[in-house]
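Thanks for making time this morning. I would like to walk through one model with you, going helix by helix and then turning to a few single residues.

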Amino acid sequence: MTITEPGGSQEFDHDAPKPKPGPARPGPGSMGPRPGAVRPGPGPVAPAKAPTVSPIPASDPHRFGRVDPDGTVWLITASGERQIGSWQAGDTEAAYEHFGRRFDDLHTEVMLLEQRLASGSGDARKIRSAASALAESLPEAHVLGDVDSLAGRLRAIVEHAETATAEEKAKREQARAEQTARKEALAAEAEELAANSVQWKATGDRLRAILDEWKTITGLDRKTDDALWKRYSAARETFNRRRGSHFAELDRERVGAKQAKESLCVRAEELCDSTDWGATSATFRELLTEWKAAGRAAKDVDDALWHRFKSAQDKFFSARNAANAERDAEFRANAEAKEALLAEAEKLDSSDPDAARAALRAIGDKWDAIGKVPRERSADLERRLRAIEKKIRDTPSGGVDPEAQARADQFRVRAEQFERQAEKAAAAGRSKDAEQARASAEQWRQWADAAAEALTKKR
């Protein structure tokens, strides 16, 4: 024996093995639930406006259909009855059980769509498409159950899916706009750094960090993403060219600095044994100024050249300092000797002017022979000697012309003034001025000696 469904090709062989019978269904007119009909499912937790997710209802196929004595199966809906099949495989309860179970399967599909839509775990567009397909199949569905309820729930799914689809689209567009803005900001930063920054290491590190961040930003449309990538890539290439040009120029400058400093080292080494202290000191100062203006070579090369230059400079100045120390010791000894002469001159007996003048001239000769004293003591010693000379000169004596004596003393003072000028010029490195001052001092010294000799003859 077989059953057929309108529009279907499925047949059931009465002699074939039958499936194990399910739990017994209530009889006609019973409003109680079918055992096993209610299947567990999640509660209706849904976002705002989402269709409520309901468990399988306790629908009774007897309420939504009937089976005629000849086996014809009818589905009862709000719009009327329609034939869904012909049952020839057993009693009528088996028909209710069979078509009720098919309704349960259909309801399960609807419930799963509701759950996916409510949880937001599914693609709203695909859910809408599936719900529409199920809704279109309901008018031809071979089931016994509350088809009208399923139709209403599917309409709710479709409506909400459309809203969810629009919301998802808006979110995608917003996310795309945010991601685009991030890449635009990174591209603009890269362009700014590439055009203006001279912090080569820090900028290179930042451009690499921008690239790392760039890789984490997705979701842009291909055209926009390609355009922004071209901006970033061009900025990075611009920076790399600028950095390469900078270091190439720096290398050229370092080569020039190396050559210039090697030349300065040679000149310094040629001067390191000089004993022309003033002039050579001035030359070394000039060489140091040129060194600072030459720029920097590579660090190891620059350090080695500086060590070489400074060694030559230190050798000269160490020798000059030793010579100055020796000269200073000599000048201090000269000062002590002149102190002794001043003490001797201060003891001269002015009661015998002629004898005092003669003794003072002898002291003067010794004074001149002693030589130079420390600069800071020279003026005081000369002042004290001039005072003694004036005291003795002003003492009345027979036959000594005071004006001639004063003239002789003036010549000596002038000679000493030029000697001090020569010392200052030599210390400052002005060799030419020092030589001229020495020549003038020698001329005045000769005139002073001649004037002193003339006074001696007059006596």
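Predicted model: local features only at pLDDT ≥ 70, side-chain atom pairs only at ≥ 80, totals over all residues.

In helix α4, the buried residues are Trp200, Thr203, Gly204, Leu207, Ile210, Leu211 and Trp214, where buried means under 20% relative accessible area, exposed means over 50%, and partly exposed covers what lies in between, with a 1.4 Å probe and protein chains only. They cover an arc of only 115° around the axis, which puts them on the same side of α4, the arc being that of the directions from the helix axis to the C-beta atoms. The face turned away from that buried side carries Lys201 and Ala202, which are exposed. As for what lies against the buried side, these residues pack against α3, residues 147-196, and α5, residues 222-271, and contact here means heavy atoms within 4.5 Å.

Residues are numbered from 1 along each chain as its sequence is written, and side-chain values use heavy atoms, with hydrogens and water left out.

Staying with α4, which runs over residues 200-215, its 16 residues should span 22 Å at 1.5 Å a residue, and the end C-alpha atoms are 23 Å apart, which agrees; the expected span is 1.5 Å times one less than the number of residues.

Of its 459 residues, 35% count as buried. Among contacts between residues at least 6 apart in sequence, 71% join residues at least 24 apart.

Next comes α5, whose 50 residues should span 74 Å at 1.5 Å a residue, and whose end C-alpha atoms are 73 Å apart, which agrees. Its buried residues include Leu228, Tyr232, Phe239, Leu264 and Cys265, and the buried residues of α5 pack against α3, α4, α6 (277-293) and α7 (299-346).

How many disulfides does the count come to? A disulfide is a covalent bond between the sulfur atoms of two cysteines, and the criterion used here is a pair of cysteine sulfur atoms within 2.5 Å. By this rule the count is 0. Cys265 is buried at a relative accessible area of 0%, and Cys272 is buried as well, at 9%.

In the model, residues 158-196 are 100% helix and 0% strand, with the end C-alpha atoms 56 Å apart. Val158 has its C-alpha atom separated by 8.0 Å from that of Ser129, 29 residues apart along the chain. Ser129 itself lies in α2, residues 124-137, and is partly exposed, with a relative accessible area of 46%.

Towards the other end of the numbering, α9, residues 375-393, has 19 residues and reaches 27 Å from its first C-alpha to its last, close to the 27 Å expected at 1.5 Å a residue. Its buried residues are Ser378, Leu381, Glu382, Leu385, Arg386, Ile388, Glu389, Ile392 and Arg393. They cover an arc of only 160° around the axis, which puts them on the same side of α9, whereas Glu376, Ala379, Arg383 and Lys391, on the other side, are exposed.

In α11, residues 431-458, we find Ala441, which counts as buried at 3% relative accessibility. Leaving aside neighbours within four places in sequence, Ala441 is in contact with Ala415, Phe418 and Glu419.

Finally, Asp60 is placed in the segment before β1, residues 65-67, and is buried, with a relative accessible area of 1%. The side chains of Asp60 and His62 are joined by a polar contact of 2.8 Å, meaning a pair of N or O atoms within 3.5 Å, where within protein one must be able to donate a hydrogen and the other to accept it, and residues adjacent in sequence count only if both atoms are side-chain atoms.

How values were computed:
Helix = DSSP H or I, 4+ residues; strand = E, 2+ residues; numbered from the N terminus.
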